[in-house]
2 protein chains.
Amino acid sequence: MILLYEYLPYPGLQRYAQDMFQSHGFSPQNSAVIADVLLCADLFGIESHGVQRLIRYHKSLKNREVDPDTRPEVVWDTPVSAVIDARRAMGQIAGVQAMRLAIEKARVTGIGMVAVRNSTHYGIAGYYPLLALEEDMLGICLTNSESIAVPTFGAQPMLGTNPIAFAMPADPVPFWYDAATTVVPLGKMEVYQKQNHPLPREWAVGADGAETRDAAAVISNIRAGRPGGLLPLGGLGEEHGGHKGYGLGIIVDICTGILSGGCTSPHLKQADGEHTSHFFAAVDYGIFGDKATQRAHASQLLDELRHSAKAPGQPRIYTHGEKAWASRQEKLRDGIPVQQRTAAELRLIAGELRLDFDAYFQ
Amino acid sequence: MILLYEYLPYPGLQRYAQDMFQSHGFSPQNSAVIADVLLCADLFGIESHGVQRLIRYHKSLKNREVDPDTRPEVVWDTPVSAVIDARRAMGQIAGVQAMRLAIEKARVTGIGMVAVRNSTHYGIAGYYPLLALEEDMLGICLTNSESIAVPTFGAQPMLGTNPIAFAMPADPVPFWYDAATTVVPLGKMEVYQKQNHPLPREWAVGADGAETRDAAAVISNIRAGRPGGLLPLGGLGEEHGGHKGYGLGIIVDICTGILSGGCTSPHLKQADGEHTSHFFAAVDYGIFGDKATQRAHASQLLDELRHSAKAPGQPRIYTHGEKAWASRQEKLRDGIPVQQRTAAELRLIAGELRLDFDAYFQ
């Protein structure tokens with residue numbers, strides 16, 4: 001499969017995405033927030049969560065499935081915690097509001113934890129801890145999502161990909177972790193489907209609950225609500241720790257769906273759309289000691305890992321965040337690779353909204 | 001390999017372990033703490049961390065490698081956080097003190113986080129969140145440990161098994177998660193070595209950094225400080241998410257070694273012995289809403305998981321903690337299975353300390 005890309009400069013693409021949301025009625029501030037979250041995914045090389053999602057947002061906004069004026073509401077509040085009811089606002093708006101509130105609380109008490117209910121897909125979980133990094137804080141973000149993963153020994157999808165994101169300041173590159181608690185996210189499955197390649201072992205089970213290598217069948221089962229789905233991190237059964245990934249997925253649903261008083265993964269798809277739950281935490285790590293010392297110590301640990309002995313044929317060892325930071329640098333310089341199909345969609349949206357697409361890149 | 005067991009009643013074994021530590025000079029209270037942590041592992045069926053370790057403790061106490069009078073010291077303190085320098089006290093004493101301090105803080109502010117440095121092996125990580133469960137709180141405990149796991153693409157052990165323990169109240173059985181961030185803990189490796197069985201794929205790498213099935217070689221490499229070791233959860237490379245387990249191991253070292261101002265995994269073995277770092281958190285989940293509602297909601301999620309459709313040939317789906325709770329009930333009823341070799345060691349220790357071993361079980 002050959003994919004053709006256009007390389008679009010970041011500043012123009014960012015302005016275009018922002019204007020698109022503004023044209024749909026979002027405030028300039030909220031439009032900038034949504035555009036920033038989406039473009040961050042593209043910068044980090046996580047194309048599946050970037051501007052290629054604009055067409056979906058455009059359609060749901062045209063169909064008035066999302067109300068641009070919805071304001072998430074703080075419904076529970078303590079000096080260290082809060083719960084926000086997103087009232088089905090765009091997940092990015094609820095997410096940034098929640099993480100900023102967690103940071104506010106951490107500035108005062110040292111720790112802030114905010115759970116969010118009735119939200120929608122908020123882009124990459126890893127975006128939100130970046131806001132904590134900007135304040136020299138440790139950031140954590142979790143989200144549940146529509147059930148597409150089976151429990152260990154199970155055949156029915158009961159948990160979402162339920163990613164864990166965690167960031168700690170360090171130099172020259174922070175530690176930045178953002179990973180599904182399943183073996184792979186659905187996007188990887190779709191790549192195998194498009195390329196018509198058999199799946200690697202122990203990524204997924206079929207409708208009968210037995211292991212399958214058929215990506216197309218897994219995806220169509222998930223879409224049709226049939227049994228079968230992704231396996232938790234660690235794979236099939238318990239021999240390689242599948243029960244560990246399964247348990248991490250439950251932890252994410254406890255911190256999101258349960259603490260927020262919202263919906264758990266098996267219940268978040270409802271007649272009026274999704275009701276996703278998130279969890280955000282900011283920790284001013286100065287509540288444990290001298291920040292400069294701790295930051296230097298974290299940097300040292302990461303450096304030691306990167307410079308430890310390599311396995312045969314391996315040119316280097318990474319720490320989490322390095323690839324994303326390198327990708328961002330490269331894409332800010334060379335432009336964001338946008339699939340031709342996506343670029344055509346962006347032009348189509350621009351036409352419908354009477355925006356001059358090409359003018360953004362002159 | 002046939003193992004012969006004696007079944008020793010819990011109350012006598014608990015009293016014996018307590019008296020053993022008291023004979024070595026620990027206070028009655030600290031002796032009870034250490035015995036309780038060790039016996040909890042046996043009750044939960046985690047034999048490797050139970051009374052079979054008594055012989056090691058006995059030897060190191062005889063050799064005065066551990067000072068029974070050492071008092072861990074709070075060296076940093078805020079309303080939501082603290083750092084404890086364990087001053088190389090027994091890990092169980094430092095661990096229980098730290099978790100109780102986290103709970104104290106959570107009672108006042110809703111959240112308590114305590115990091116511990118210069119500690120020693122503290123038994124199962126999962127013991128400490130149980131103390132939070134007793135207070136109807138959510139509990140988290142992390143610890144680093146001697147480096148025996150290689151980074152993704154690495155050949156040198158750089159991280160410990162770095163387990164994550166997490167507990168949330170629920171009925172009829174709480175959610176109780178305690179798992180290494182490696183594919184398996186070292187204990188599992190030792191079982192394969194004793195049975196002379198080849199390891200399953202992708203559990204470990206040899207001294208050359210390539211995958212190996214030779215348990216004896218892996219263990220002897222680790223003991224000799226040579227390259228090679230356990231693989232992170234997710235296995236070799238990135239195809240099955242090995243980089244995710246590797247990242248979770250780093251997260252544990254950040255929360256323990258870095259936040260405590262202590263030692264990270266690669267540095268915790270020093271001339272005077274180990275300098276382990278731990279992390280404890282207690283969250284009164286009432287800071288997010290009505291506790292009865294949340295607890296019922298968590299119970300419902302776990303119940304739904306257990307009753308979801310099973311994979312072919314699977315009689316049931318578990319949630320984390322069920323097996324441990326069932327094991328505890330069974331062992332309180334039938335006695336704790338103690339390997340004959342271990343029982344002989346216990347009698348030997350009793351003789352040396354002039355305790356009448358058999359009198360504990362009459």
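Hi everyone, let's begin at a turning point in chain B: helix 3 of chain B is followed by Arg64(B), which has a positive phi, near 60 degrees. Before we go on, please keep in mind that this is a predicted model.

Staying with that helix, which residues of helix 3 of chain B are buried? Spanning residues 54–62, the helix has Leu54(B), Tyr57(B), His58(B) and Leu61(B) buried. These four sit on the same side of helix 3 of chain B, because they cover an arc of only 100 degrees around the axis. Turn to the other side of the helix, and you find Arg56(B) and Lys59(B) exposed. As for what lies over the buried residues, the cover includes helix 1 (10–23) and helix 11 (340–353) of chain B.

Now over to chain A, and to strand 4. Buried or exposed, how do its residues come out? Strand 4 of chain A is mostly covered, with 9 of its 9 residues buried. On one hand, strand 4 runs parallel to strand 3 of chain A, joined by 5 bridges, and there Val83(A) stands opposite Ala115(A). Strand 4 also runs antiparallel to strand 12 (residues 276–283) of chain A, through 7 bridges, with Gly112(A) opposite Ala282(A).

Finally, the two chains together. Their contact takes 67 residues from chain A and 67 residues from chain B. Among the elements of chain A that each supply at least two residues to that side are our strands 3 and 4, along with helix 8 (242–258) and helix 9 (291–306). The chain A side divides into 37 nonpolar, 23 polar and 7 charged residues. Thanks, everyone!

Technical notes
Residues are numbered from 1 along each chain as its sequence is written. Chains are lettered from A and ligands numbered from 1 in the order in which they are written. This is a predicted model: local features need pLDDT of at least 70, side-chain atom pairs count only at pLDDT 80 or more; totals for chains, interfaces and linings use all residues. Two residues are in contact if their C-beta atoms, placed from the backbone, lie within 7 Å. Ala, Val, Leu, Ile, Met, Phe, Trp, Tyr, Cys and Pro count as nonpolar, Asp, Glu, Lys and Arg as charged, and the others, Gly among them, as polar. A residue is buried if 20 or more other C-beta atoms lie within 10 Å of its own, exposed if 12 or fewer, and partly exposed in between; C-beta atoms are placed from the backbone. The arc is that of the directions from the helix axis to the C-beta atoms. Two strands pair if DSSP finds at least two bridges between them.
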